[in-house]
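Please report on how the two chains of this model are arranged and how they meet. Keep it brief.

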2 protein chains.
Amino acid sequence: MSIIKHLLIGSPLSTHLLQEKRLNKIRALAAFSPDALSSIAYANQEIFLGLVVAGSAGLSLSWPIGLAITGLLVLVAFSYYQTIQGYPTGGGSYVVARRNLGTLPGVIAASALLIGYILTAAVSLTAGVAAIASAFPALWAHRIILALLFLLLITLLNLRGLRETGTLMAIPVYFFLFSYLSMLVYGVVRAFIEGPGDLSSTFPITTQTVNTVLVLRTFAAGCTALTGIEAISNGIPAFHPPEAPNARKTLAVMAILMGILFVGSIGLTQFMAVVPGAQETVLSALAHRLLGSGFAYYIIQASTMLILVVAANTSFAGFPRLAAILAADNFLPHQMTNLGDRLVFNNGILALSFVTGILIIVFGGDTHALIPLFAVGVFLAFTLSQAGMVVHWWRVRGKLWIFKSFVNGLGAIATLVAVIIIAGSKFVEGAWITILLIPLLIFILYNIRAHYRGVAQQLSMDSVSLKEPIHLQPRLVIPISGVHRGVIDAVNFACSISQDVTAVYIELEDGAGERIRQRWLQYWPNLPLAIVPSPYRSIINPLLNYLDEADRQHADGQLSVLVLPEFVPAHWWQGLLHNQTAWLIKAALLYRRRHQGFQRVIIDVPFHLQR
Amino acid sequence: MSIIKHLLIGSPLSTHLLQEKRLNKIRALAAFSPDALSSIAYANQEIFLGLVVAGSAGLSLSWPIGLAITGLLVLVAFSYYQTIQGYPTGGGSYVVARRNLGTLPGVIAASALLIGYILTAAVSLTAGVAAIASAFPALWAHRIILALLFLLLITLLNLRGLRETGTLMAIPVYFFLFSYLSMLVYGVVRAFIEGPGDLSSTFPITTQTVNTVLVLRTFAAGCTALTGIEAISNGIPAFHPPEAPNARKTLAVMAILMGILFVGSIGLTQFMAVVPGAQETVLSALAHRLLGSGFAYYIIQASTMLILVVAANTSFAGFPRLAAILAADNFLPHQMTNLGDRLVFNNGILALSFVTGILIIVFGGDTHALIPLFAVGVFLAFTLSQAGMVVHWWRVRGKLWIFKSFVNGLGAIATLVAVIIIAGSKFVEGAWITILLIPLLIFILYNIRAHYRGVAQQLSMDSVSLKEPIHLQPRLVIPISGVHRGVIDAVNFACSISQDVTAVYIELEDGAGERIRQRWLQYWPNLPLAIVPSPYRSIINPLLNYLDEADRQHADGQLSVLVLPEFVPAHWWQGLLHNQTAWLIKAALLYRRRHQGFQRVIIDVPFHLQR
């Protein structure tokens, strides 16, 4: 076990190695942008799928819808630009919403974000697999397995302590930017020379007509293009000083790149009338049209897949960190704050990986099926974060505060409208799942905090006055299964700490007790042995009753202490060959409800088998 | 939990209710014959499937092959008739082979029998489902689920303490006998009136020609008709006195009934040239031909299904009993001898049910796929049992011993030949699985006995001389996670049994130790507190090292005793919200190899949370 762990995860690291490396802007862009930049892969696809049902009349709307989304992108980017100003030490949605709007809005944002991270991982992985399966159609049938393999790889790398800030992560990002921007430039030149394609010729059959609902749905689905835009505002402390200005500049560059990629690809697709087949993404079809089926096409698909896998990885950086913050605030299990051997939040990574894997399986590895769940959570977090910023500026005042409030307010309203459109138009297709999950998650988070608060109260030393306790000699009871070497140590230890020692034998068969008593007297003539008959062949219940009865009779204010001779086999499988009576007794004493309040001390005296 | 258990299983029974009811011959036949009588359902089917590949020429061989198997049946029945004479208190194959041939042959027979019981259950259940699915073809697609449902039902009934000796079990047996014998009589009359059917007309396509291999394979598959014949010789003590003569008479009646059913059905099938479709059993096709598709036909199918389910139930009587005998001989885990609440061997029932369920799933609920695994084990047990009887007569001598030896010897040789035919001709189809499993099981059984013997030696008091031990004051160590109420009881208990008490705090973050020490001094200024730094954030390893170091320094011949303040949540789910540190420490101390030989006492002082 530990060898396998060592190979996969690596050897433990000392806590003192825990410090963030600072990043220059080039590296920071690579670290924080993959999720945002790669969003075009699924956003474009969703816009296409939303409009294609209305044929060429529908598809001709992709350009205006794309522009509307780009407008929203500019607004949200500008809002987050201001968030960086307001929270130069890092302002995640949870922090901003909780500080400015109160605990409940903070928890709502946190729930939305947790769900968002999970869906980012699931959507990015399945979209990455779709990119590569478009190039190699034989892989289409194995989408679930492939997505799970990528997930396993990312999980292992993260457990090893891969940082999103490493050079390794930067390569796919710049590779993607370089190959995609080159293709778009080449595409614009060719489009200029060739003139527009004819959509109507390729699309005779339509199942729907263009109407408001269709447009709103498509807009809602396309909003996924904005996911990931908030990443930089969470990671400001990782920048080289001056942190905030560097972060702002990087955000601006990222937003511009997002805009170019999105508008460029969607514009070319419509202008050249590109329509993909059933087992191909729209971006793959565009690349095919522009580059043919040669090496350049495969480069594009590979770079799309790589950046999507890296984008999934950003969830593995964000989710465990947010979970640890929530756990420190008592909203999640404290185990989420444990740093593993490699100084990462192991439990958060494993939890994310587990849930993402389930999502991939349940939704059949299909990005399109996952998308309706996705945007609701992300945009809800946007809205709360922006609304929090409005309150922030109002509180802080300072230069231009009215203008800043106005920008963030506009961002809040725009994203709120988007939330409503998304929730309404995608409700039946899956948004209801997220809308149900968020309040459920909020309920759980609050309950966890209530539990921890209750525990803290019960553990508090505040009202405790430590009076010197009267030390009575403890009454010890040793349950024995027979007269054998395993009980010798238990008897000796018991006699070393108390004069009041009784052995007890639970008699399952008539007459067995008498035989045991004879043997017992041979070895320990001075120690009393109680024989308790058990007509129903249970060991636990008669023993518990015997202890209760003994306590009642003595009425000395203390509970009998159990001394358990425990039998430890040399190999784990040997455990299967023995009744785990000692374990059952302990479990019964600790966990049976009727013994709540009784806090009976148990002394384990192990007897190790040597073979 | 306990309410569900109560509803499904019933309330516990006292050990004193444990006594077998005695059976008259009518009830005994019903109790012990279902497996044997129902064998015709799958044996006929296998003979048909074995021959149909050679078309009508092949199918015309079913009659002679059937007769050969009937001859073997007579011989084996006569052999077991003698076993009852020789072992009037019950002579299962394991007992007879072990006493007369030695331990290894006994264990071989036991392994073969255990596998045989499992396969009886699996084959009977799937064949029962096939009978009812022949009547209702819509069920054919749900064979696995149906078989598993029947398995669940039987398991629950057996856990409740259903006896194969109950009246409930007798109804399906006599219902089956009555309906089948009536049909056969009616069939013989009709066959006499109508004359023979024409096979050749129904069978144009053949894939194989008749050859020796085909005949041997078919004979091997048909030998499954004999399974269950040994049941009566195992159950002699359940008969009314005089037990042995009553048992012999019952065996004779059963063998005659088996012969009539087998020869009758196979003869009619061939004479009337009955050929079933793809989703129908041959017995169902025969019933269809004779009775049409009316009520009478459904009666036949229902009775077939019922007796097969009851036959599966005989495994649930035999397997747990044999497992308990083997466990008492140290060959299986001792838990197999535990009588459950309802005075049945729960663990044996659950083990059988679990393995049978897996077989049904793995083999797709298909009787025909299971059959090749089946007969090998059963016939191997027959052979060993008969060979054991030869030795028995030779040892005992007495009246006619040479004749008796001869009969059993003939039985042994005939069944041995059958084993060889079955193993050879069905090897590739699945017999290899059983042939591999038997030695594996033998290996496991011997290893288990070796373990128990080793344990008994290690536990033996023989070479122990109990000198009065010198009672040193134990050195107690209390690991604390902080200064809170949960540690108060632990500190008080420790101080009540020893003067040498140290608390220890494992410091995960720099500086935390100093804060804890300040608080500690406030409450327990006189108790020493050790602060142990843990740069790799593990709690277990630094603690174990601290204990080892303390023992080394004191060198007083005793090991430090651990006093663990254990935190017991009010509800199980709250356990998920806490690091289970106390549990991990205990597991590490008890099971880590490097602490083998160290037998460190652990004192658990629970602190129960109230909410």
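Through which surface do the copies meet? The model is predicted. In it, 100% of the interface residues of chain B are also interface residues in chain A, so the copies meet through the same surface.

**Pairing of strands.** Strand S5 (residues 602–608) of chain A runs antiparallel to S5(B), and three bridges join them. Ile603(A) has Ile603(B) as its bridge partner in S5(B).

**Interface.** The totals for chain B and chain A follow.

| Item | Value |
|---|---|
| Residues in contact | 83 residues of chain B, 85 residues of chain A |
| Buried area | about 7,300 Å² |
| Share of buried area on carbon and sulfur atoms | 56% |
| Salt bridges | zero |
| Polar contacts (both at pLDDT 80 or more) | six residue pairs |

Gln458(B), Met461(B) and Arg537(B) supply 11% of the area that chain B buries against chain A.

**Side of chain B.** Several elements give two or more residues to the side that touches chain A, among them helix H20 (488–497), strand S4 (561–568) and strand S5 (602–608) of chain B. Helix H19 (427–459) of chain B is also one of these. H19(B) gives the largest share, eight residues. By class, this side of chain B has 43 nonpolar, 28 polar and 12 charged residues.

Definitions and conventions
Residues are numbered from 1 along each chain as its sequence is written. Chains are lettered from A and ligands numbered from 1 in the order in which they are written. This is a predicted model: local features need pLDDT of at least 70, side-chain atom pairs count only at pLDDT 80 or more; totals for chains, interfaces and linings use all residues. Side-chain values use heavy atoms; hydrogens and water are left out. Contact means heavy atoms within 4.5 Å. Buried area is the accessible area (1.4 Å probe) that two parts lose on being put together, summed over both. A salt bridge is a side-chain nitrogen of Lys or Arg within 4 Å of a carboxyl oxygen of Asp or Glu. A polar contact is a pair of N or O atoms within 3.5 Å; within protein, one must be able to donate a hydrogen and the other to accept it, and residues adjacent in sequence count only if both atoms are side-chain atoms. Helices (H or I, at least four residues) and strands (E, at least two) are DSSP runs, numbered from the N terminus. Ala, Val, Leu, Ile, Met, Phe, Trp, Tyr, Cys and Pro count as nonpolar, Asp, Glu, Lys and Arg as charged, and the others, Gly among them, as polar. Two strands pair if DSSP finds at least two bridges between them.
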